[in-house]
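Please read the following briefing alongside the sequence and the coordinates.

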Amino acid sequence: MRQVIELEGVAKRYDSTGTPVLGPLTLSVGQGEALAVTGPSGSGKSTLLNLVAGLDKPTEGAVFVAGRRIDRLGEHALATFRRRHIGIAFQFFNLLDDLTVADNIRLPAQLTGVGRRKAAARAEELMEMLGIQRHARAYPGRLSGGERQRVGVARALVNWPALLLADEPTGALDSAAGHDVRDLLTDLHRAGQTLVLVTHDPALAEACASRTIHLVDGRLTRDTCARGVR
Ligand SMILES: Nc1ncnc2c1ncn2[C@@H]1O[C@H](COP(=O)(O)OP(=O)(O)O)[C@@H](O)[C@H]1O
Ligand SMILES: [Mg+2]
């Protein structure tokens with residue numbers, strides 16, 4: 001199996017003297033895996049995701065995504081890499097309120113230099129797939145939380161990323177909308193999308209992941225496949 005993520009001896013410290021908030025950790029995620037990262041608040045889940053996203057740098061070790069070592073890239077190269085290969089869905093959606101739904105979804109494609117037509121066609125395809133097409137011309141402020149998260153996921157997928165990352169994607173949703181997003185992530189996994197989902201909710205992890213890792217105080221305490229222990 002081709003590895004989409006490889007962490008080699010990765011550790012993160014926020015202050016030079018203390019123990020790491022994460023790691024040292026060695027971990028691979030293969031193409032098509034849906035990995036859930038669970039653990040209590042403060043256990044290092046978001047730190048792990050941010051290192052994989054290239055939003056933060058490890059204090060030790062190496063981070064490879066889609067075969068490329070990213071922890072030594074400069075800001076500009078990282079931003080380009082991230083836009084092309086990594087899609088991120090956030091707890092609070094991070095949509096631009098003064099752009100329509102369709103424009104929010106198209107934006108990362110246009111920033112990557114995809115032509116207008118191709119970007120529009122891809123946005124259409126995603127809106128149809130995620131059931132939000134009727135909101136194409138609406139502004140995010142008019143949508144429900146669950147609909148906004150669908151827009152967030154569509155935007156994350158617009159550049160056909162090798163990897164989809166989601167940090168507490170249901171954290172700001174009521175339970176019905178949370179179930180919708182859960183089903184959406186499950187469908188994406190079935191369609192072959194490699195994804196990493198951070199959640200403190202074991203039920204969400206169980207529903208949509210093929211593998212779950214559990215962190216406590218930055219250390220991996222469990223690594224479980226849906227069909228038995230790895
Ligand atoms: N920018 C930061 N500066 C200092 N400490 C941080 C920073 N970000 C996170 N931490 C600390 O690192 C630990 C892990 O945080 P985090 O990865 O956000 O945990 P989780 O997502 O599991 O709740 C926590 O103790 C948190 O307080
Ligand atoms: Mg977090």
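The points below go from the whole chain to a single side chain.

This is a predicted model, in which local features need pLDDT of at least 70, side-chain atom pairs count only at pLDDT 80 or more, and totals for chains, interfaces and linings use all residues. Residues are numbered from 1 along each chain as its sequence is written, and side-chain values use heavy atoms, with hydrogens and water left out.

**Overall fold**
- The protein has 7 helices and 11 strands, taken as DSSP runs (helices H or I, at least four residues; strands E, at least two) numbered from the N terminus.
- The radius of gyration is 17 Å, which agrees with the value near 17 Å for a compact globule of 230 residues; it is taken over C-alpha atoms, and the globule rule is 2.2 Å times the number of residues to the power 0.38.
- The C-alpha trace spans about 50 × 40 × 35 Å along its principal axes.

**Burial and contacts**
- Of the 230 residues, 49% count as buried (under 20% relative accessible area, 1.4 Å probe, protein chains only).
- Among contacts (heavy atoms within 4.5 Å) with a separation of 6 or more, 67% join residues 24 or more positions apart.

**Lys 45**
- Lys 45 lies in helix 1, residues 45-53.
- Lys 45 is buried and has no salt bridge (a side-chain nitrogen of Lys or Arg within 4 Å of a carboxyl oxygen of Asp or Glu).
- The nearest side chain of opposite charge to Lys 45 is Glu 168, 4.5 Å away.
- A polar atom of the Lys 45 side chain lies 3.0 Å from the backbone oxygen of Pro 40.
- Not counting residues up to four places away in sequence, Lys 45 touches several residues, including Val 198, Thr 199, His 200 and Leu 215.

How values were computed: Chains lettered and ligands numbered in written order. Buried < 20%, exposed > 50% of the residue type's maximum accessible area, 1.4 Å probe, protein only. Lys, Arg positive; Asp, Glu negative; His and termini not counted. Polar contact = N/O pair within 3.5 Å; in protein donor to acceptor, adjacent residues only side chain to side chain.
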